[in-house]
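Subject: Structure handover

Hello,

Here is the structure for your files. Please open it first, then read the notes below.

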Amino acid sequence: MKQDRVETFLQQWQQVRPELDCSPMGVIGRLARADQLISARLLPVFKTFNLSAIEFDILATLRRAGCPLTPTELYQTLMISSGAMSTRCEQLVQRQVIERLASGDDRRSCKIALTSLGISLIDAAVEAHLANETEILSPLTLDEQQQLASLLKRWLMDNE
């Protein structure tokens with residue numbers, strides 16, 4: 001039977017420390033390896049739209065929100081610093097895919113909205129992204145994908 005890299009590591013640990021239960025390494029190691037492999041396959045799709053992963057996330061967050069968001073709402077949703085958010089937003093404003101809308105109540109505040117160009121860009125990028133994700137998950141049946149999603153959801157609910 002074909003082995004993944006993690007199985008090799010587990011066998012090595014078994015040889016040098018047979019008294020240890022290294023099964024947690026199998027789960028965590030495979031999650032970490034999956035993250036590396038998935039990221040490597042997501043980034044090229046984003047690049048075809050001249051987007052970084054964080055820029056894709058900003059535009060996708062605005063699109064699914066369906067309304068303008070404050071920079072604070074954006075950076076809290078994306079779990080990045082306010083400075084990083086400001087830099088990325090400025091770049092996206094210059095590319096004319098988002099715009100800053102002044103608040104009528106507070107002159108110091110603004111909201112961020114997609115432009116029509118931004119909507120077109122993120123809609124096309126999301127479609128390509130979903131096709132890519134479908135391909136990435138294709139070794140698993142739909143039932144297996146649902147089972148994996150359910151297990152990961154349960155783990156995340158206890159750990160987030």
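**Surface and overall form**

The accessible surface of the protein comes to about 11,500 Å², and 56% of it belongs to carbon and sulfur atoms. Accessible areas come from the Shrake-Rupley method with a 1.4 Å probe, and for residues only the protein chains shown count as cover.

A word on conventions. This is a predicted model, in which local features need pLDDT of at least 70 and side-chain atom pairs count only at pLDDT 80 or more, while totals for chains, interfaces and linings use all residues. Residues are numbered from 1 along each chain as its sequence is written, and side-chain values use heavy atoms, with hydrogens and water left out.

The protein has seven helices and two strands. Both are DSSP runs numbered from the N terminus: helices are H or I with at least four residues, strands are E with at least two. The order from the N terminus is α-α-α-α-α-β-β-α-α.

The radius of gyration is 21 Å, whereas a compact globule of 160 residues would have one near 15 Å. That radius is taken over C-alpha atoms, and the globule rule is 2.2 Å times the number of residues to the power 0.38. Along the principal axes, the C-alpha atoms fill a box of roughly 65 × 30 × 25 Å.

Of the 160 residues, 23% are buried. Buried means under 20% relative accessible area, exposed over 50%, and partly exposed in between (1.4 Å probe, protein chains only). Among contacts with a separation of 6 or more, 49% join residues 24 or more positions apart. A contact means heavy atoms within 4.5 Å.

Charges next. There are 17 positive and 20 negative side chains, and the centres of the two sets lie 4 Å apart. Lys and Arg count as positive, Asp and Glu as negative; His and the chain ends are not counted. Each charge is placed at NZ of Lys, CZ of Arg, CG of Asp or CD of Glu.

**The core**

The largest nonpolar core has 24 residues, and I58, L59, L62, L74 and I98 touch the most other members. Such a core is a set of buried Ala, Val, Leu, Ile, Met, Phe, Trp, Tyr and Cys residues joined through side-chain atoms within 4.5 Å. At least two residues of this core come from each of helix 2 (23-48), helix 3 (53-65), helix 4 (71-78), helix 5 (82-94), strand 2 (110-114) and helix 6 (116-136). Helix 3 gives the most, with six residues.

Take L74. Leaving out residues up to four places away in sequence, L74 touches I58, T61, L62, L69, M85, C89 and I112.

**Helix 6**

H129 lies in helix 6. Is H129 buried or exposed? H129 is buried, with a relative accessible area of 10%. Beyond residues up to four places away in sequence, H129 touches L42, V45, F46 and F56.

E135 is also placed in helix 6. With 46% relative accessibility, E135 counts as partly exposed. E135 and T61 are 74 residues apart in sequence and 23 Å apart in space, C-alpha to C-alpha.

**Two positive phi values**

Most residues other than glycine have a negative phi. N50, not a glycine, has a positive phi near 60 degrees. N50 sits in the loop between helix 2 and helix 3 and is exposed, at 53% relative accessible area.

Q96 is not a glycine either, and its phi is positive at about 65 degrees. The loop between helix 5 and strand 1 (98-102) holds Q96. Q96 is exposed, with a relative accessible area of 55%.

Best regards
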